[in-house]
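Please look over the sequence and the structure shown below. The report starts with a pocket and then turns to helices, strands and loops.

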Amino acid sequence: MAGSAEILTAFRELANLKQITREELHELLQDGIHAALAKKHGANVQAEVDIDEAKGEIRIVLLKTVVDEVTDESREVTVEEARFMDPEFQVGDVMEIPVDFMEFGRTAVQAAKQRIIQRVREGERTRIRDEFAGRVGDLLSGEVQQIERGKLVVMLNKFREAEAIIPYREQNHREHYHQGEPVRAVLKRVEDTPKGPRLILSRSDALFVQALFKLEVPEIQQGIVEIKAAAREVGSRTKIAVTSRDEAVDPVGACVGLKGARVQAVVNELGGERIDIVPWSPDPERFAKLALAPARVARVFSDALSRTIQAVVDEDQLSLAIGRNGQNVRLASELTGWKIDLYSSREWLEKGGEAPLFAPLPEEDAEADVPLNEIEGLETATVAVLADAGYRTLNDILDLDRDDLLRLPGIAPEEADRIMAIIDELTTEDDGEGGQVG
């Protein structure tokens, strides 16, 4: 049976390539054969399929119930026809009709292969989703497979079938990667796409710093030390707040390590980014004082209703508390989740001495983004089509592929190419920007 031997060999190779078990292979092969039988004999066909890999044979037997009057030719046969094969047949018996595998023909075999390949792909998507759905925040490693318009396509070391990318906005723009280089990043989220699950990785998120500390600090892996909060300005500075479930374990010391070895390993991975490790406290006033390190804070006053902290520092500590371009107080505010207002001791006395002086605080500006209708070169009609699809700003379309655009009604291939060129130009212009080390 050359046909069955050939297809068994092909499916063994497919099983090895896709890393599926022998049991899964047999199940998929049987499903494919049933699909081919249904195409030839009818949707309700019943059959037994026996696979003998040792002999390279596939034995197929159609099962038909003996009846007085046939209502479904795919699964029934008249008693007269059955008795032509064997006079002993009675109504209600099941007649077994051997099928030569070669009867399928080339078309039927291809249909079976396509069914199996489809099932394998669906199985891969399910395995990827199941594997990574609960692993957000985990550190993953791989190599840069491709660079597309600033986006890094990563081939993971331990799950090469998974589609993983580091979008432009999730990169540290002080770093530059080339095809084939190893890269580590944190899993930020899993997106469902028409092609299957897509893993969104990040090297710019504070989650990446937390994942690196988990790798370097055994006490975090064991659940003794916990990172309660983190704030980051990528390429410049990160603050993390830690606590310990064991009074005998100093959480800050555990993260710093002997002679600073643990924190230095994280700093090296981040290209020299500065890291402040502070103890976490459930008391917002104490936590705010700790979060403003390395500055020493004299007094703090809190207003729980507006979640606002007013912190008073000595004159010589003010610039340290503020940080370069306001970075230290900004990160401390993000770390605590409270708005922090800083005063020097002199300013505090001038404003009323010991009395807390809370004033309405303006909301922080959201991260700058560019509306599509302000991008030069985008036609009004194109902007309208993108808006109908839910894309209204540059950040919304930054990680779209050409195929994604072509799926939108009204976007022709030429227009898709033009949009891709605009994105290329804008991301290339921004590629060299990055924060300075504080």
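## The second largest pocket

The second largest pocket has a volume of about 470 Å³. A pocket is found on a 1 Å grid over the protein atoms alone, as an open set of points where a 1.4 Å probe fits, with protein on both sides within 12 Å along at least five of seven lines. Its volume is the space filled by probe spheres set on the points, which are joined across faces, edges and corners. This is a predicted model, in which local features need pLDDT of at least 70 and side-chain atom pairs count only at pLDDT 80 or more, while totals for chains, interfaces and linings use all residues. Residues are numbered from 1 along each chain as its sequence is written, and side-chain values use heavy atoms, with hydrogens and water left out.

The lining holds 21 residues, where a lining residue has an atom within 4 Å of a point. Arg-160, Glu-161, Ala-162, Glu-163 and Ala-164 lie nearest the pocket centre. At least two lining residues come from each of α4 (105–132), β5 (139–148), β6 (151–156), β7 (163–166) and β9 (196–202). Helices (H or I, at least four residues) and strands (E, at least two) are DSSP runs, numbered from the N terminus.

Buried means under 20% relative accessible area, exposed over 50%, and partly exposed in between (1.4 Å probe, protein chains only).

Strands β7 and β9 run parallel and are joined by three bridges; two strands pair if DSSP finds at least two bridges between them. Ala-164 stands opposite Leu-199 in β9. Strand β8 (residues 182–193) runs antiparallel to β9, with seven bridges. Thr-193 has Gly-196 of β9 as its bridge partner. The two strands β8 and β9 form a hairpin with two residues between them.

## Helix α11

How many residues of α11 are buried? Eight of the 10 residues in α11 (residues 327–336) are. They are Gln-327, Asn-328, Val-329, Leu-331, Ala-332, Ser-333, Leu-335 and Thr-336. Their cover includes β10 (225–233), β11 (237–244), β12 (274–279), α9 (284–291), α10 (318–322) and β15 (339–344). Just after α11, Gly-337 takes a positive phi of about 80°.

## Backbone in the loops

Asn-325 lies in the loop between α10 and α11. Its phi is positive, about 55°, although Asn-325 is not a glycine. At 69% relative accessibility, Asn-325 counts as exposed. Lys-259 lies in the loop between α7 (251–256) and α8 (261–269). Phi of Lys-259 is near 55°. Lys-259 counts as exposed, at 84% relative accessibility.

The peptide bond from Ala-293 to Pro-294 is cis, with omega near 15°. Pro-294 sits in the loop between α9 and β13 (299–303).

## Whole chain and confidence

The chain has 16 helices and 15 strands. Of its 438 residues, 42% count as buried.

Mean pLDDT (the predictor's confidence in each residue, from 0 to 100) is 83, and 86% of residues reach 70 or more. Over residues 355–367 the pLDDT is below 50, and this stretch has 19 contacts (heavy atoms within 4.5 Å) beyond near neighbours in sequence. Over residues 429–438 pLDDT stays under 50, with 21 contacts beyond four places in sequence.
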